[in-house]
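Thanks for coming. I will take one structure and go through its core, its interface and some of its salt bridges.

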Protein chains: 2
Amino acid sequence: MSVLPAAFALGKGIGCAMQPRSALLCRFLYDLNICSVSVVRMARTAGSHSDITGPRVLDAALRLFAQHGFAAVSMRQIAREVGVQAGALYNYTPDKQTLLFDLMRRHMEDLLEQRQDRLSAADPLSRLEDFARFHIRYHLNRPDEVFIAYMELRNLTEENFATIEELRRRYEAELEEILRDGVAAGLFVANDIRITTMAVIAMLTGVTTWYRPSGRLSGDEVELLYWDMVRKSVSA
Amino acid sequence: MSVLPAAFALGKGIGCAMQPRSALLCRFLYDLNICSVSVVRMARTAGSHSDITGPRVLDAALRLFAQHGFAAVSMRQIAREVGVQAGALYNYTPDKQTLLFDLMRRHMEDLLEQRQDRLSAADPLSRLEDFARFHIRYHLNRPDEVFIAYMELRNLTEENFATIEELRRRYEAELEEILRDGVAAGLFVANDIRITTMAVIAMLTGVTTWYRPSGRLSGDEVELLYWDMVRKSVSA
DNA sequence: GTCTATATGCAGATAGAC
DNA sequence: GTCTATCTGCATATAGAC
């Protein structure tokens, strides 16, 4: 994993102050795990579009991977979507694998960061409600990222997979702790906390398989319906 | 969809009495939607292995698709696994797409057939328990089929996708009806039966993401844990 | 930073000998 | 039915001009 703070890796921070003079250097930074493709910001030079092309590469990859699957999408397709030739993509990523990995890592780190901001010491029931509603809302708002994060795990290299899995484990750990506290307090009944954790996450994440913004129900209604079922499923 | 009865399409029936003399004829039958690759049984001729190679092709494709994904697996890989050259595969399937479609259709039709055998007029609670336990058990026993059925939908052609979706819809319809009956009888509370249906299915199917036969819990224990959560999630 | 051109390899599918 | 050989095309990634 990158040693950079999450805000940096997520492209929300100060940006990369370095000014790599070539794609080779960009790749070199990758190899050192120092710099993420999504945050490399080079000095503008005549005819340069890196500050707009960079994000567009990730956006295009996100959309295409979600729609057709990582293995079914070619670098040429991504390039066409961005409006450049295939070779130009390699100014922004050392290879296709890293493109996928960056998308997934960005997603997971954003997820964790947002939860971090909402951690509270309230009673387990309130914390469970917050977690459930957050999970639904977040997943409804980012269908492509979520889809990729669940479907493309097997296309990661072993090392990248381990990184993503660790991030996912951390996210699930919060729910597991809420349930544990709730059971200890006599508020919840869960015969096997680990399995209950997985079951609740699966139930909530399943919303992505059917929800469409244009559908019968609003996001708020869906959020409430799911929270109600989660609440009952762990009720005493 | 094939007009053949399910037992035939599933390779459980009498087999195909026809004796195609060439791969071309095999493909022709496909085009007419008359014969499924999984059930073509040709007369044994000197040096022929079709009666063993056929199933082996599907088995190999099943395993490889589940492990690496449809798009990432080549016909050459499948052939190597079976122990033949790539060209020989086309005696058993007209193309790679049909291989995927047959695997998914076989899975869904088997699922539906097994449910058909268990339909009962018992009270909704008993029917819900039977459905939930069946779903867990079936999915634990066929991890590869289930994985493919959920992950490879987007790699189906439009027409094949419609067929599989219709089969899935039929399966979900049984659960929806159970819930509807239970709510009408005052046994269950579900604020939106359609969403509850999707949520329960997602919760149950999620078992495939973590369960391993060598793990801490037996299949029976898992079955009971999940049934307990489903029961509570729709409780009054 | 982006282009064109290219190196290198594998993909799905077919033809025809045996 | 299976083989070998092959057609045709696209894949990832790189080199070097501008």
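This is a predicted model: local features need pLDDT of at least 70, side-chain atom pairs count only at pLDDT 80 or more; totals for chains, interfaces and linings use all residues.

I start with I78(B). Leaving out residues up to four places away in sequence, I78(B) touches V57(B), A60(B), A61(B), L64(B), F65(B), V73(B), L89(B) and L99(B), where contact means heavy atoms within 4.5 Å. Residues are numbered from 1 along each chain as its sequence is written, chains are lettered from A and ligands numbered from 1 in the order in which they are written, and side-chain values use heavy atoms, with hydrogens and water left out.

Back to the core. The largest nonpolar core has 119 residues, and I78(A), Y226(A), I78(B) and Y226(B) touch the most other members. Such a core is a set of buried Ala, Val, Leu, Ile, Met, Phe, Trp, Tyr and Cys residues joined through side-chain atoms within 4.5 Å. Buried means under 20% relative accessible area, exposed over 50%, and partly exposed in between, with a 1.4 Å probe and protein chains only.

Next, the interface. Chain B and chain A each put 36 residues into the contact. The buried area is about 2800 Å², with 62% from carbon and sulfur atoms; this is the accessible area (1.4 Å probe) that two parts lose on being put together, summed over both. Of the area that chain B buries against chain A, R154(B), I195(B) and K232(B) supply 24%, more than any other three residues.

Four salt bridges are counted between the two chains, a salt bridge being a side-chain nitrogen of Lys or Arg within 4 Å of a carboxyl oxygen of Asp or Glu. One of them joins R216(B) to D192(A), with the closest N and O atoms 2.7 Å apart.

Over all chains the count is 38 salt bridges. R115(A) and E174(A) form one, at 2.9 Å between the closest N and O atoms. R115(A) lies in helix α5 (residues 96-116) and E174(A) in helix α8 (residues 158-184) of chain A, so the pair ties together parts 59 residues apart in sequence. Helices here are DSSP runs (H or I, at least four residues), numbered from the N terminus. Both R115(A) and E174(A) are buried.

What about E165(A) and R168(A)? Their side chains meet in a salt bridge at 3.2 Å, N to O. E165(A) is partly exposed at 27% relative accessibility, whereas R168(A) is buried at 9%.

Methods:
Helices (H or I, at least four residues) and strands (E, at least two) are DSSP runs, numbered from the N terminus.
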